[in-house]
Each structure stands twice: as structure tokens, then as C-alpha cells.
Amino acid sequence: MIAISNMPVSSIEETPQGQYYRFLTSPYMSTYLLAWVIGSFEFLEGVSQSGVSVRVYTPVGRKSEGEAALDIGIKCIDFYTEYFGIPYPLKKLDLVSLHKMDVRAMENWGCITFIDHALLPQSAKSLDPIHRSARTICHEISHMWFGNLVTMKWWTYLWLNEGFARYMEQIAVDSIRPNYKIWEKFYPTIMLDAFRSDVMPYTHPVEVECRAAKQIN
């Protein structure tokens, strides 16, 4: 069993009750970005050109399936660092595969969590899940800047987070994996999905007033 959080581990102490983990102090951040993950994992590790440690945590026995995610994660950090002109603000970035989540992925600062198939799509029988996985990884990493380093004032403005991340995932994947021809899939997937939702009776404006945090979903 290991513990993972937003910041690197500073020490691990063996106690009669088990292991006691200490983590480095995080920068100021919104509380919804705080994360702890405890479980049995294997990991692959690499370093970006800017010196950021990147790990992909997988279920035990599936480490080799994380190679593509690690490559995309490292290249994505370097791409955004150059594109935004702002270095990645933390010392490490972990991409963690979980068996069960309520959402496809969550942009916890420095410790992004993914539902298993969103991070490790190697068993997919077509290219679509692999391409979507690349988009999801780049989407969540873009939040490390837009959403985490700079956070909207209130949930009413969540569309600023998600709309920009949706746009940047396309830009990043097109640069990192040009062979995916990701823009050719933008209209029949993302754009048409938006149109389908927009014609339904339950459609709503892009910006919706949110009076309480429980209304986010």
C-alpha cells in the first residue's frame, strides 16, 4: 500500500499502526483540488524537459499499459510550459488510475485521478478510446494552469475552466500526436454532441448562475 497526494512525499515513518506519510507543503489552492489516494499501485516515471517528475500509477500487474500515458503526460507539460509561457508550478505530476470514480477524471493539482479506461485504454479494440484518452490527459493537465494556478471566482464561471480546457486538449494532442488527426474528429464528436444537447428541452446558457456548491453537478 502506498499514499499519494498533491505534493511529493517528504518522509515515511514506520509506526506500530502502520506507515505515517508526510508530504511537502502545497501552495495555496482551492480546497476542491485536494487529493489523497491510498492503495496498491505500480508506477512508471519520467522527467519533463523542464525537470518535472511525472509518474503514471497503475493497478498492480498493468504497469506496461501506462507507457503511452507517461509519454503524453511528459510531452504535454513541456508543450503547455512553452505555449503559455508559464512553467508548470509544482515539482511533480502524478496520473493515477482508479477502478471507480463518479467522473471520467479529476484535475487535483499535482495528482490527477482517472477512471481506469480513461488513462489505460490499451485493451480497446478501436482507436477512438486511445484518442479520447490522449484528449482527456491533455484536458486535465491544462487545468494545472487554468483552474488550479488561476481559479474562477465562483462556480458560476466554471465554463471558463472547462471550455478552455476542452479547446486546449485539441491544441495539445494535435502537437503531441499529429498522427491522430484530432481536428478531423472535432466536428463529428465534440461539436455535434454540443448541438445535440443544445436542441433538447433541458438546454441552458453557457453561463448558469450557481447559488450553492451542491448545484455544481
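Reader: T136: buried or exposed?
Author: T136 counts as buried, at 9% relative accessibility. Buried means under 20% relative accessible area, exposed over 50%, and partly exposed in between, with a 1.4 Å probe and protein chains only. This is a predicted model, in which local features need pLDDT of at least 70, side-chain atom pairs count only at pLDDT 80 or more, and totals for chains, interfaces and linings use all residues. Residues are numbered from 1 along each chain as its sequence is written, and side-chain values use heavy atoms, with hydrogens and water left out.

Reader: Which element does T136 lie in, and what does T136 touch?
Author: T136 lies in helix α3. Leaving aside residues up to four places away in sequence, T136 touches R104, A105 and F114. Contact means heavy atoms within 4.5 Å. Helices (H or I, at least four residues) and strands (E, at least two) are DSSP runs, numbered from the N terminus.

Reader: Which residues in α3 are buried?
Author: H131, S133, A134, R135, T136, I137, C138, H139, E140, I141 and S142.

Reader: How many residues has α3, and what does α3 reach from first C-alpha to last?
Author: α3 has 16 residues and reaches 23 Å, close to the 22 Å expected at 1.5 Å a residue. The expected span is 1.5 Å times one less than the number of residues.

Reader: At roughly what angle do α3 and α4 cross?
Author: The axes of α3 (residues 127–142) and α4 (residues 158–176) cross at roughly 125° and come within 8 Å. That makes α3 oblique to α4. Angles under 35 degrees count as roughly parallel, over 145 as roughly antiparallel, 65 to 115 as roughly perpendicular and the rest as oblique. Axes are lines fitted to C-alpha atoms, for helices over the stretch in contact, and angles run from 0 to 180 degrees between N-to-C directions.

Reader: Which residues make the contact?
Author: From α3, A134, R135, C138, H139 and S142; from α4, E162, A165, R166, M168, E169, Q170, A172, V173 and I176. By class, the contact of α3 with α4 has seven nonpolar, three polar and four charged residues. Ala, Val, Leu, Ile, Met, Phe, Trp, Tyr, Cys and Pro count as nonpolar, Asp, Glu, Lys and Arg as charged, and the others, Gly among them, as polar.

Reader: And α1 with α4, at roughly what angle do they cross?
Author: The axes of α1 (residues 67–84) and α4 cross at roughly 110° and come within 10 Å. α1 and α4 are therefore roughly perpendicular to each other. In α1, I72, K75, C76, F79, Y80, Y83 and F84 meet F164, M168, E169, I171, A172, S175 and I176 in α4. The residues of that contact divide into 11 nonpolar, one polar and two charged.

Reader: Changing topic. What is the phi of K181?
Author: K181 has a positive phi of about 50° although it is not a glycine. Most residues other than glycine have a negative phi. K181 lies in the loop between α4 and α5 (186–198), and counts as partly exposed at 46% relative accessibility.

Reader: Where does P59 lie, and which residues does P59 touch?
Author: P59 lies in strand β6 (residues 53–59). P59 is partly exposed, with a relative accessible area of 25%. Not counting residues up to four places away in sequence, P59 touches S40, E42, S97, D116 and L120.

Reader: Last one, H204: buried or exposed?
Author: H204 counts as exposed, at 55% relative accessibility. Its place is in the segment after α5.
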